[in-house]
Amino acid sequence: MLSLVLPKGSLEKATMQLFDAADLTVRRASDRDYRASIDDPRIDRVRVLRPQEIPTYLEQGLFDLGITGRDWITETDSDVVSLGELQYSKATSNPVRVIMAVPEDAPWQSVSDLPEGVRISTEFPAMTKRFLDKHGVKAKVVPSYGATEAKVPDIVDAIVDLTETGSSLRKNGLRILDTLLTSYTELVANREAYEDAEKRAAMEDVSLLLQGAIRARGNVLLKLNVAQADLRKVLDIMPSMSSPTVTSLAGGDSSAVESVVAKRGVNTLIPALKAAGAHDILEIPISKIVD
Ligand SMILES: Nc1ncnc2c1ncn2[C@@H]1O[C@H](COP(=O)(O)OP(=O)(O)OP(=O)(O)O)[C@@H](O)[C@H]1O
Ligand SMILES: O=P(O)(O)OC[C@H]1O[C@H](OP(=O)(O)OP(=O)(O)O)[C@H](O)[C@@H]1O
Ligand SMILES: [Mg+2]
C-alpha cells in the first residue's frame, strides 16, 4: 500500500537498525542493492536512495513516505508533510547542525565580519545564500560534493557544512562562526498520500513502531520481589516512567515490583535495590515503548 524511500549513506546503517528494532526489517540481497522489501502488509515498495533527493521525490509523489534530514528538506525547499522527528543521526541520538566555519586563526568573529567576495564552499548552496542575504554579506558560494572541511584555507575562506560530533571540524582546525540550522532525521510524507485516510493510518502505524523503538533505546525492565516490610524502602529508590507496578505474590507476605528504568544507572541501582531488601532481581531488555 505504501511506497517507502530510505536514505543511503550516513544514515543508512542507523536507519536499517531502527527498522529492525521496529519489527520492520528491511530485506535486501546486499548493501549495494537499492531495491528492498519489508515484510509488512502496509508497505509494498522500498527503495534506498540519496537523502538529498528524497524530499523532491516525496513532493513529486514518486514515494508516499520516506526518511531524510531536515537539512535536505530545507535546502530543496520541498513541500512535504512531516510525521515527526526521529531522534538519530549517523553516530548519536543527537541532531546534526549546519554550521558556518572558518579557520581557527581567521580574523572574523561573526558572519557580518566576512568581507565582500569571501569564498564559501558548501553542499547547501541555497541555504547558504539565504543566510548570507539575511546578513547582507556578498559572497562567492562554491558548490561542494564532499570533503568540504579540506578546502579551507587554500581553496575557500569559509565553509558551511554539517557537524555531529565535531570531530571533522577539530581535525581540520576549524572554528564555528554561526549555526544555520539544527537538523533531525525526519519521517516525511507526500502531501496527497497523507490526505488519503487509509494511507495516513498506515503511516501513523509505521511512525508509532519507529518512535516506540527509539523510546525503548537505553531503557530496560527491572523486576524484583520484596518482603512487605521492605517495600517502601525499595519503592523510594526505584525510578520509573510513571510509577512502578506492584503486585502481591500468591500465598505470602511479599510483593513483586516492576519498572522501566534507564540502562545508564542500573549498575548502581541493582546493588542499592538488593541492599534495600529486594531479591530475585531481573533485568530484561525491552524493544519498544509505546505511550
Ligand atoms: N554525522 C553525519 N554526517 C553527515 N550527515 C549526517 C550525519 N548524521 C546525520 N546525517 C544526515 O544524513 C544525511 C546525509 O546525507 P548526504 O546526502 O550528505 O549523504 P552522505 O551520507 O553524507 O553521503 P556521502 O558520504 O557520500 O557524503 C543528511 O540529512 C544529514 O543531516
Ligand atoms: O561532526 P562529525 O561527527 O565529524 O560529522 C560531520 C562530518 O560528517 C559528514 O561528512 P561525510 O561523512 O558525509 O563526508 P563528506 O564530507 O565527503 O560528505 C559531514 O559533511 C561532516 O564532514
Ligand atoms: Mg556527506
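Analyst: A residue is near a molecule or strand if its C-beta atom, placed from the backbone, lies within 6 Å of it. Please keep in mind that this is a predicted model, in which local features need pLDDT of at least 70 and side-chain atom pairs count only at pLDDT 80 or more, while totals for chains, interfaces and linings use all residues. Residues are numbered from 1 along each chain as its sequence is written, and chains are lettered from A and ligands numbered from 1 in the order in which they are written.

User: Which residues are closest to ligand 2?

Analyst: Ligand 2 is surrounded by 14 residues, and G146, T163, E164, T165 and S168 are the closest. To place them, one needs the elements: helices (H or I, at least four residues) and strands (E, at least two) are DSSP runs, numbered from the N terminus. Strand β10 (158–163) and helix α5 (167–171) each supply at least two residues of this shell, and β10 gives the most, with three residues.

User: How many residues of each class are in the shell around ligand 2?

Analyst: Ala, Val, Leu, Ile, Met, Phe, Trp, Tyr, Cys and Pro count as nonpolar, Asp, Glu, Lys and Arg as charged, and the others, Gly among them, as polar. The shell around ligand 2 has eight polar, three nonpolar and three charged residues.

User: Which residues come nearest to ligand 1?

Analyst: There are 18 residues around ligand 1, and those that come nearest are G9, S10, G69, S89 and E164. Strand β5 (65–69) and helix α3 (70–76) are the elements that give two or more residues to this shell. By class, the shell around ligand 1 has eight polar, six nonpolar and four charged residues.

User: Into which domains is the protein divided?

Analyst: Domain bounds come from an automatic or database domain assignment. Here the division gives domain 1 (2–93 + 184–216), domain 2 (96–182) and domain 3 (219–285). The centres of domain 1 and domain 3, taken over C-alpha atoms, are separated by 38 Å. Ligand 1 lies between domain 1 and domain 2, because both give residues to the shell around it.

User: What does UniProt place at residues 50–205?

Analyst: UniProt positions are given in the numbering used here, feature names are shortened, and annotations may be inferred rather than shown by experiment. An unreviewed UniProt entry places "domain: ATP phosphoribosyltransferase catalytic" at residues 50–205. That span is 27% helix and 32% strand, with its end C-alpha atoms 25 Å apart. The annotation "domain: Histidine biosynthesis HisG C-terminal", also from UniProt (unreviewed entry), covers residues 216–288. Over residues 216–288 the chain is 41% strand and 25% helix, and the end C-alpha atoms are 5 Å apart.

User: What is the order of the strands in the open sheet of seven strands?

Analyst: Two strands pair if DSSP finds at least two bridges between them. The open sheet of seven strands has mixed pairing and the order β2-β3-β4-β1-β5-β12-β6. Strands β2 and β6 stand at the edges with a single partner strand each, so one side of each is left without a neighbour in the sheet. Within this sheet, β2 (residues 26–27) and β3 (residues 35–38) pair in the antiparallel sense over two bridges, and the bridge partner of V26 in β3 is I38. A hairpin of four residues joins β3 to β4, and A36 stands opposite V46 in β4.

User: Which strands does helix α7 lie across?

Analyst: Two residues are in contact if their C-beta atoms, placed from the backbone, lie within 7 Å. Axes are lines fitted to C-alpha atoms, for helices over the stretch in contact, and angles run from 0 to 180 degrees between N-to-C directions. Helix α7 (residues 197–216) lies across β1, β5, β6 and β12 (185–189), and runs at about 10 degrees to β6.

User: Which are the edge strands of the open sheet of four strands?

Analyst: This sheet has antiparallel pairing in the order β14-β15-β13-β16. Its edge strands, β14 (245–248) and β16 (278–285), each pair on one side only. Helix α9 (residues 266–275) packs on the sheet, touching β13 (219–227), β15 and β16, and its direction makes about 155 degrees with that of β16. Four bridges join β14 to β15 (residues 254–262), and T245 has E258 as its bridge partner in β15.

User: Which peptide bond is cis?

Analyst: Most residues other than glycine have a negative phi, and most peptide bonds are trans. The bond from V152 to P153 is cis, with omega near 0 degrees, and P153 is found in the loop between β9 (139–143) and β10. D77, which is not a glycine, has a positive phi of about 50 degrees; D77 is placed in the loop between α3 and β6 (81–86).
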